[in-house]
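Look it over, then read on.

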Amino acid sequence: MPRSHSTHHHPPHADDAEPFTLEGLTESLRSKGLRMTGNRRAILQVLLQAEEPLGLEQIQSEAVRYARGGETPDFATVFRMMALLEELKLARKVNLGRASSFFELADSRHHRDHLVCTDCGTVTPLEESCPVETLERQIARKHGYTQVTHSLEFFGRCGDCSTGSPS
Ligand SMILES: [Zn+2]
Ligand SMILES: [Zn+2]
């Protein structure tokens with residue numbers, strides 16, 4: 001099967017052998033000596049399906065869909081899991097200009113920048129190719145960094161929130 005043409009960037013030195021799949025993430029956790037519990041699996045499935053950065057409450061409520069045997073993660077479990085994934089560089093926080101934290105998997109091949117409505121909080125992943133991809137590579141080269149990533153959010157008021165109110 002021919003590989004689909006992709007414009008997603010690969011960091012020059014990233015080890016992409018272990019993709020961001022349920023199997024790959026499970027393997028990453030196991031290699032750190034962490035047990036794959038039903039709750040952890042459910043949280044990973046939520047993150048893998050996510051189209052936009054998710055808050056802890058959202059992750060918790062969506063994890064119910066993947067839970068098996070009546071076991072669903074409580075808030076503290078989600079909190080600890082996300083802290084763990086962040087520490088392992090498997091997930092990252094996305095700044096949406098709000099007090100609470102939002103997370104996405106740190107998968108550079110599915111990198112998306114975001115447009116955020118400051119009124120209703122709607123997050124739109126941008127379909128456009130990343131505007132700072134070239135800059136990111138230049139910065140990495142100039143400073144001798146590898147595995148450089150970024151998070152880029154544009155803020156404004158969405159069409160619904162702008163309608164009927166003076167801006
Ligand atoms: Zn809005
Ligand atoms: Zn970007």
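Q: How many of the 11 residues of helix α5 are buried?
A: This is a predicted model, where local features need pLDDT of at least 70, side-chain atom pairs count only at pLDDT 80 or more, and totals for chains, interfaces and linings use all residues. Residues are numbered from 1 along each chain as its sequence is written, while chains are lettered from A and ligands numbered from 1 in the order in which they are written. Helix α5 covers residues 133-143 and lies largely in the open; helices (H or I, at least four residues) and strands (E, at least two) are DSSP runs, numbered from the N terminus.

Q: Which residue just after α5 takes a positive phi?
A: The phi is about 70°. The residue is Gly-144.

Q: Which residue of β6 stands opposite His-114?
A: Strand β4 (residues 114-117) runs parallel to β6, and 4 bridges join them. Opposite His-114 stands Glu-153.

Q: Which residue of β5 stands opposite His-114?
A: β4 and β5 pair in the antiparallel sense, over 3 bridges. They form a hairpin with 5 residues between them, and Gly-121 in the turn has a positive phi of about 85°. In β5, His-114 faces Pro-125.

Q: Which residues make up the covered face of β4?
A: In a regular strand the side chains alternate between the two faces of the sheet. The uncovered face of β4 has Leu-115 and Cys-117. The covered face has His-114 and Val-116.

Q: Which strands are the edge strands of the antiparallel sheet?
A: This open sheet has 3 strands in the order β1-β3-β2. Each edge strand pairs on one side only. They are β1 (54-55) and β2 (91-94).

Q: Which residue of β3 stands opposite Leu-54?
A: β1 and β3 (residues 102-105) run antiparallel, joined by 2 bridges. Leu-54 stands opposite Phe-103.

Note on methods: Pairing = 2+ DSSP bridges. Buried ≥ 20, exposed ≤ 12 C-beta atoms within 10 Å, placed from the backbone.
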